[in-house]
Amino acid sequence: MTKMKVLISGASVAGPALAYFLHRDGHDVTVVERAPELRDSGYAVDFRGAALDVLEEVGILAEVRGHETNMRGTALIDERGVEAGRLPAEAFAGELEVPKRELTQILHRVTADGVEYVFGDSISGLTQHGSGVTVEFERATTREFDLVFGADGAYSKVRQLAFGPHADALRHLGLSGAGFSTANYLGLYRGGMLQQAKDAAIYLFSADRADRLTVSLSFATASPALDRRDRQEQERAVRAAFAGHGWQAPRLLEAMSEADDFYFSSACQVHLDRWSRGRVALVGDAGYCAAPTSGMGTSQALIGAWTLARNLALSGGDHAAAFSAYEAELRPYVAENQAKGQQAAAMFGGGAGPASSHAS
Ligand SMILES: Cc1cc2nc3c(=O)[nH]c(=O)nc-3n(C[C@H](O)[C@H](O)[C@H](O)COP(=O)(O)OP(=O)(O)OC[C@H]3O[C@@H](n4cnc5c(N)ncnc54)[C@H](O)[C@@H]3O)c2cc1C
């Protein structure tokens with residue numbers, strides 16, 4: 001095996017998982033993360049199918065299971081605010097669901113000893129040459145690597161630098177939403193409530209923090225342009241979308257302004273003809289995001305990292321062959337997940353289906 005110096009951009013799911021496998025296989029691994037520390041995401045993520053095998057291979061399945069949200073299902077609320085049916089827990093929670101922050105912390109902890117983590121920085125330039133990649137950073141000095149991996153999410157900087165503008169890769173699913181938490185004034189316990197209207201949906205749940213209610217207010221949008229606007233403008237758009245919407249909407253809109261964990265994001269997918277360019281390859285949402293509505297993003301990130309590392313190990317140092325094999329193996333799975341993401345977007349108020357890409 002040829003020992004390589006590799007750089008991974010992004011320390012969420014795909015990045016640390018890939019770091020684990022590449023370090024285990026004897027490579028010299030650096031991870032750069034833009035955030036100053038691990039992100040404390042308020043939502044839960046779920047695992048399905050072979051993703052559980054990947055957790056097992058990393059040796060963390062039992063520990064991850066220890067953080068299971070144990071959700072009991074979701075009540076479907078009609079326009080009068082009355083429970084009209086129920087979705088089983090598996091609909092949103094897959095085979096195992098945990099708060100995302102716990103997964104990220106565990107993945108970081110099991111890699112922190114052998115992998116160099118650099119927080120609060122970002123790649124700012126990539127130049128490929130015959131024997132490697134020269135990488136410039138916003139803060140750190142320029143360094144040389146054999147391979148560079150983008151595990152930096154749907155708005156991947158690596159993809160932007162090595163593949164082209166976001167507009168070429170991102171596909172909007174006609175849906176945007178605000179997320180935040182508030183006091184659990186409904187007394188929900190390990191359960192959720194979903195109210196869907198024609199072009200807007202309210203989803204509430206309480207998982208590991210019994211005193212908190214996690215809120216998602218989603219609505220139909222023509223483009224994800226709001227993602228790049230300031231909070232005031234985003235809140236204005238949410239208020240407009242839920243004006244006249246009954247049930248919990250007025251109280252939740254009030255709570256939104258007070259929330260200190262407010263975020264706003266649009267359901268986008270990433271579609272690319274190829275997932276690698278020379279010595280640079282993409283993994284997880286950066287390369288093939290299926291959108292949060294698919295419920296498959298975390299599984300895909302883990303399985304993607306594992307597939308990529310396995311093919312690199314099998315290739316005996318031929319990165320081009322490894323990247324082709326990785327892509328050939330994973331594409332059918334990704335296509336299935338992206339189809340799920342498109343179908344489910346309609347359930348949360350979207351409906352535009354696989355809409356056109358956008359510029360940003
Ligand atoms: C509200 C919401 C709910 C979701 N619900 C679910 C769910 O129920 N089930 C599920 O499976 N998935 C869900 N997902 C999707 C899931 O979170 C992602 O698919 C998964 O986290 C992908 O992992 P990733 O590591 O590829 O990318 P990400 O988790 O997006 O991580 C990217 C990392 O890269 C970092 N980064 C970004 N830019 C740079 C840069 N320039 N330099 C360095 N680092 C950078 C980011 O800070 C981040 O840490 C949800 C997502 C959202 C937003």
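Predicted model: local features only at pLDDT ≥ 70, side-chain atom pairs only at ≥ 80, totals over all residues.
Local features were taken at pLDDT of at least 70 and side-chain atom pairs at pLDDT 80 or more, while totals for chains, interfaces and linings use all residues. Residue numbers start from 1 along each chain as its sequence is written.

Helix α1 covers residues 14-24; helices here are DSSP runs of H or I with at least four residues, strands are runs of E with at least two, and both are numbered from the N terminus. Ten of the eleven residues of α1 are buried, so the rest of the structure largely encloses this helix. (Buried means that 20 or more other C-beta atoms lie within 10 Å of a residue's own, exposed means 12 or fewer, and partly exposed is in between, with C-beta atoms placed from the backbone.) The buried set runs through A14, G15, P16, A17, L18, A19, Y20, F21, L22 and H23. These residues pack against quite a list of partners: β1 (5-9), β2 (28-33), α2 (51-58), α5, β11 (147-150) and α11 (297-314). Just past the end of α1, G26 has a positive phi of about 95°.

One of those partners, α5, spans residues 100-111, and its axis comes within 9 Å of the α1 axis, crossing at roughly 25°. Axes are lines fitted to C-alpha atoms, for helices over the stretch in contact, and angles between N-to-C directions run from 0 to 180 degrees. The two helices, α1 and α5, are therefore roughly parallel; angles under 35 degrees get that label, over 145 is roughly antiparallel, 65 to 115 is roughly perpendicular, and the rest is oblique. The α1 and α5 crossing is left-handed, meaning that the near helix is turned anticlockwise from the far one by less than a right angle, with clockwise being right-handed. On the α1 side, P16, A17, A19, Y20 and H23 meet L107, H108, V110 and T111 of α5, where contact means C-beta atoms, placed from the backbone, within 7 Å. This contact of α1 with α5 has six nonpolar residues, three polar ones and no charged ones. For these classes, Ala, Val, Leu, Ile, Met, Phe, Trp, Tyr, Cys and Pro are nonpolar, Asp, Glu, Lys and Arg are charged, and the others, Gly among them, are polar.

Next up is α11, with 18 residues and a reach of 25 Å from first C-alpha to last, close to the 26 Å expected at 1.5 Å a residue (that is, 1.5 Å times one less than the number of residues). Of its 18 residues, 15 are buried, leaving α11 mostly covered. Helix α11 packs with α2 at an angle of about 55°, their axes 9 Å apart, and the pair is therefore oblique. The crossing of α2 and α11 is left-handed. Here A51, V54 and E57 from α2 meet T298, S299, L302, I303 and W306 from α11. That contact of α2 with α11 splits into five nonpolar, two polar and one charged residue. Just after α11 comes G316, with a positive phi of about 60°.

N70, though not a glycine, has a positive phi of about 50°; N70 sits in the loop between α3 (61-65) and β4 (74-77) and is exposed, with 12 other C-beta atoms within 10 Å. W247 also is not a glycine and has a positive phi of about 50°. Its place is the loop between α8 and α9 (249-258), and W247 is partly exposed, with 18 other C-beta atoms within 10 Å.

Note on methods: Contact = placed C-beta atoms within 7 Å.
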